[in-house]
Amino acid sequence: MEQLQGLANRDPLALRWGQGAAFHMMLGVEDQRYRIQVADGTVHQITALPAKLTSWDFAVTGPGSSWQAHWAPVPAPTFHDLIAMRTAGHIAIEGNLTPFFQHILYVKRLLELPRAQGWLS
Amino acid sequence: MSTLQIEPVTGRYMNLELWGAKHRVYWEEAGEGIPLLCLHTAGSDGRQFRALMNDEDVTSNFRVIAFDMPWHGKSSPPAGWESETYELTTAKYLDLILTISSALELDRPVVMGCSIGGRIILHLARQHPDAARCVIGLQSAGMVNPYYDIDWLYRPDVHGAHVCAGMVSGLIAPMAPDAHRWETLWHYMQSGPGIFKGDLHFYTVEGDIMDHVGEIDTARCPIYMLTGEYDFSCSPEMSRRTAEAIDGAQLQIMEGMGHFPMSENPDAFKTYLMPVLEEIRQAHGA
């Protein structure tokens, strides 16, 4: 997961659509939680939780199997997109959704970067 | 050597009375033969049919016509729009299609609509079965399950271009070529404020026809339905339920396709559309 910061901060799509983004996102993969701090449209820090009491704006969480399917080289229908996964009940998106919708293209890109890297292939 | 390529597509404006007001409507067309009137998705415009209009296999037998709905694309909103809230309804949408068809003197066109267009063709076939020689529903269903609060599409603290594109980006299949994917999203980014939301009023609230699709007489107005497997808005399941309720409806699920077949992946879409167009051509002797 620590690779995600470097990937995001040199990905042309993430840099293009992250402009102005500033939020704290909690990413949940199975029981593991990560706080992703975004400022000035780039990922500043990714922290594995619970390191300390912390807060976040919105959380995107789901079982490992959902993320594995999302990051497959060719994801199957309902696993291919964050909103599709949420609609099908594969993941949850909760919290203050204003920054999520303000930067939806960036958030989607951020969380699909592992796919482009073939982490699971 | 010149790289100039001029497309065989012409665009013009018509001025006409519609919805009780004067409207200036833009349309594009290409080809000759059986009129094929194309209806774009919510919050987008007629450019979605750009590939179809550039495909000689289609335009050699069909006159492909796509208009931008009022408030969309290059069609203007009516004078006084600044104090109105745009909201599409079944009655207004049907009136629009019949008015444009009449204005262009189309003889019982094939009406092909996608998403909201795929919904209105069901209403058209039920209420005006003799207005079209047949209808083609892309991503067509009698009703869909709303899966988010459409107020997110139009509010002062969320950029409309970003959120409209962001909400539909996942409706495009992973297999779509990037150039077509981002062209499709660009159209959404250019939508006027609140217009996508206003279209979805018809799609997710007012335009439910599920309880009445069984009344459609496919002997008078045949129905073809094509639905992409990656669409989770108008899912294959919703199209199946609709097709099963219409005696004689023909449904094909399109593999590797999402919610915008003609725009997101024109080459793959063609493999599904051509057999339908060929059947229509043979039935109508063009």
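In this predicted model, T90(B), Y93(B), L94(B) and I97(B) of helix α3(B) meet I120(B), H123(B), L124(B) and Q127(B) of helix α4(B). Chain B holds 10 helices and eight strands, while an open sheet of five strands is found in chain A. The two chains touch through 16 residues from chain B and 17 residues from chain A.

**Packing of α3(B) and α4(B)**

- Two packed helices are described by the angle between their axes and the distance between the axes.
- Here α3(B) spans residues 90-103 and α4(B) spans residues 116-127, and they pack at an angle of about 75° with axes 10 Å apart.
- The two helices α3(B) and α4(B) are therefore roughly perpendicular to each other.

**Chain B overall**

- The radius of gyration of chain B is 18 Å, close to the 19 Å from the globule rule for 286 residues, so chain B is as compact as a globular protein of that length.
- The C-alpha trace of chain B spans about 55 × 55 × 40 Å along its principal axes.
- Buried residues make up 52% of the 286 residues of chain B.
- Taking the contacts in chain B between residues at least 6 apart in sequence, 76% join residues at least 24 apart.

- Strand β7 of chain B, residues 223-228, is mostly covered, with six of its six residues buried.
- The cover lies on both faces of β7(B): I223(B), M225(B) and T227(B) are buried on one side, and Y224(B), L226(B) and G228(B) are buried on the other.
- Strand β6 of chain B, residues 134-138, runs parallel to β7(B) and is joined to it by four bridges.
- In that pairing of β6(B) with β7(B), M225(B) is the bridge partner of G137(B).
- Strand β8 of chain B, residues 250-254, also pairs with β7(B) in the parallel sense, over five bridges.
- On the β8(B) strand, I253(B) stands opposite T227(B).

**Helix α5(B)**

- Helix α5 of chain B covers residues 160-169 and is mostly covered, with nine of its 10 residues buried.
- Its buried residues are G160(B), H162(B), V163(B), C164(B), A165(B), G166(B), M167(B), V168(B) and S169(B).
- Both chains contribute to the cover over the buried residues of α5(B), which includes α4 (82-88), α5 (97-102) and α6 (104-116) of chain A.
- From chain B, the cover over α5(B) includes α6 (178-189) and α7 (195-206).

- The side of chain B that touches chain A has nine nonpolar, five polar and two charged residues.

**The sheet of chain A**

- The five strands of the open sheet in chain A follow the order β3-β2-β1-β4-β5, and their pairing is mixed.
- β3 (42-49) and β5 (92-95) of chain A stand at the edges with a single partner strand each, so one side of each has no neighbour in the sheet.
- On average, neighbouring strands of this sheet are turned by 20° against each other, direction ignored.
- Strand β1(A) is mostly covered, with five of its seven residues buried.
- On one side, β1 (residues 23-29) of chain A runs parallel to β4 (residues 58-62) of chain A, and five bridges join the two.
- A59(A) in β4(A) stands opposite M26(A).
- β1(A) pairs in the antiparallel sense with strand β2 (residues 32-39) of chain A over seven bridges.
- Q32(A) in β2(A) is the bridge partner of V29(A).
- The strands β1(A) and β2(A) form a hairpin with two residues between them, and E30(A) in its turn has a positive phi of about 55°.

- S55(A) is found in the loop between β3 and β4 of chain A.
- S55(A) counts as exposed because it has 8 C-beta neighbours inside 10 Å, and the cut-off for exposed is 12 or fewer.
- Between S55(A) and H24(A) there are 7.7 Å in space, C-alpha to C-alpha, although the two are 31 residues apart in sequence.

Technical notes:
Residues numbered from 1 in each chain as written. Chains lettered and ligands numbered in written order. Predicted model: local features only at pLDDT ≥ 70, side-chain atom pairs only at ≥ 80, totals over all residues. Contact = placed C-beta atoms within 7 Å. Nonpolar A, V, L, I, M, F, W, Y, C, P; charged D, E, K, R; others polar. Pairing = 2+ DSSP bridges. Axes fitted to C-alpha atoms, helices over the stretch in contact; angles between N-to-C directions. Buried ≥ 20, exposed ≤ 12 C-beta atoms within 10 Å, placed from the backbone. Rg over C-alpha atoms; globule rule 2.2 N^0.38 Å. Parallel < 35°, antiparallel > 145°, perpendicular 65-115°, else oblique.
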